[in-house]
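Welcome to this short tour.

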Amino acid sequence: MPCDTIPDMTDNPADSATRKKKLRASCTTIREAIPARDRERAAARIAEIGIGFAAVSPGATVSAYSAMGAEMAPSALHAQLAREGFGTCLPVVPPLGNPLVFRAWKPGDELVARVWGILEPADTAPPVEPDVLLVPLLAFDRRGVRLGYGGGYYDRTIERLRRLKPVIAIGLAFAAQELPEVPCDVHDQRLEWVLTEYGPI
């Protein structure tokens, strides 16, 4: 659901952009301050929880991402989903201004470092359209509004996929990344769920 359906969205785009820029810096600092051991425990915990709360069909295809820096690492969760019989894939970063594309990938398959050093499936991996997206973020609120990195890749991607079929977007986050309110613009796509080390929201 785009944020233009949420009544208390930020009305002034310039104000929203300024707020988001400041928040990105502070939220990055907060996330990076989480000790590495705690991040590892949180990643293991979300793998234990799984995505059963979202009532996803076992045959669905789930996209994750190659974690960078202090992001919540989805690798253990993604591997568990593959063992449970879900299809699994990873995004490929396109030129700026375009939505992500996805290629089939499972643990053990080849990965290639590309833009910004992000690990992506090989070009020989078949393209797929995921049913569930595990999404990285810098912050989230209880409305399902997500603060991303400013490139708009996931907003464009979720919007495109939702025009094609029902898609579930699940943000992966540490509980410390929750804010009372995240600035929200008309192009921002809302998450259905956020999964933290304490469970789904």
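A pocket, as the word is used here, is an open set of grid points where a 1.4 Å probe fits, with protein on both sides within 12 Å along at least five of seven lines. Its volume is the space filled by probe spheres set on those points. Please keep in mind that the model you are viewing is predicted.

What classes of residue make up the lining of the second largest pocket? There are 11 nonpolar residues and 3 polar ones, with no charged residues.

The largest pocket has about 620 Å³ of space. Here 26 residues form the lining, and those nearest the centre are Pro136, Arg146, Tyr149, Tyr153 and Tyr154. At least two lining residues come from each of α1, β2 (87-92) and α4 (153-164). Of these, α4 has the largest share, with 3 residues. By class, this lining counts 13 nonpolar, 6 polar and 7 charged residues.

**Salt bridges**

A search of the whole structure turns up 13 salt bridges. Three of them are set out below.

| Salt bridge | Distance, N to O |
|---|---|
| Lys20 and Asp185 | 2.7 Å |
| Arg41 and Asp38 | 3.8 Å |
| Glu120 and Arg114 | 3.4 Å |

Look for Lys20 in helix α1 (residues 13-32), and for Asp185 in the loop between β10 (168-172) and β11 (193-196). The two are 165 residues apart, and the pair links distant parts of the chain. Are Lys20 and Asp185 buried or exposed? Both are buried.

Arg41 and Asp38 make another kind of pair to look at. Both sit in helix α2 (residues 36-49), 3 residues apart, which is about one turn of the helix. Arg41 has a relative accessible area of 53%, so it is exposed. Asp38 is partly exposed because its relative accessibility is 36%.

Then there is the bridge between Glu120 and Arg114. Glu120 counts as buried because its relative accessible area is 1%. Arg114 has a value of 29% and is therefore partly exposed.

**On the surface**

Turn next to the outside of the model. Met68, Val115 and Trp116 form a nonpolar patch on the surface, and together they have about 310 Å² of accessible area. You can find Trp116 in the loop between β4 (111-113) and β5 (119-121). Why does Trp116 count as exposed? Its relative accessibility is 59%, and exposed means over 50%.

Gly69 is exposed because its relative accessibility is 78%. In sequence, Gly69 and Arg31 are 38 residues apart, while in space their C-alpha atoms are 9.6 Å apart.

Terms used. Residues numbered from 1 in each chain as written. Predicted model: local features only at pLDDT ≥ 70, side-chain atom pairs only at ≥ 80, totals over all residues. Heavy atoms only, no water. Patch = residues over 30% accessible without salt bridge, like charges linked within 9 Å, V, L, I, M, F, W, Y side chains within 5 Å. Areas by Shrake-Rupley, 256 points an atom, 1.4 Å probe, with all protein chains shown as cover. Salt bridge = Lys/Arg side-chain N within 4 Å of Asp/Glu carboxyl O. Helix = DSSP H or I, 4+ residues; strand = E, 2+ residues; numbered from the N terminus. Buried < 20%, exposed > 50% of the residue type's maximum accessible area, 1.4 Å probe, protein only. 1 Å grid on protein atoms, 1.4 Å probe; cavity = no way out; pocket = protein on both sides within 12 Å on 5 of 7 lines; lining within 4 Å. Nonpolar A, V, L, I, M, F, W, Y, C, P; charged D, E, K, R; others polar.
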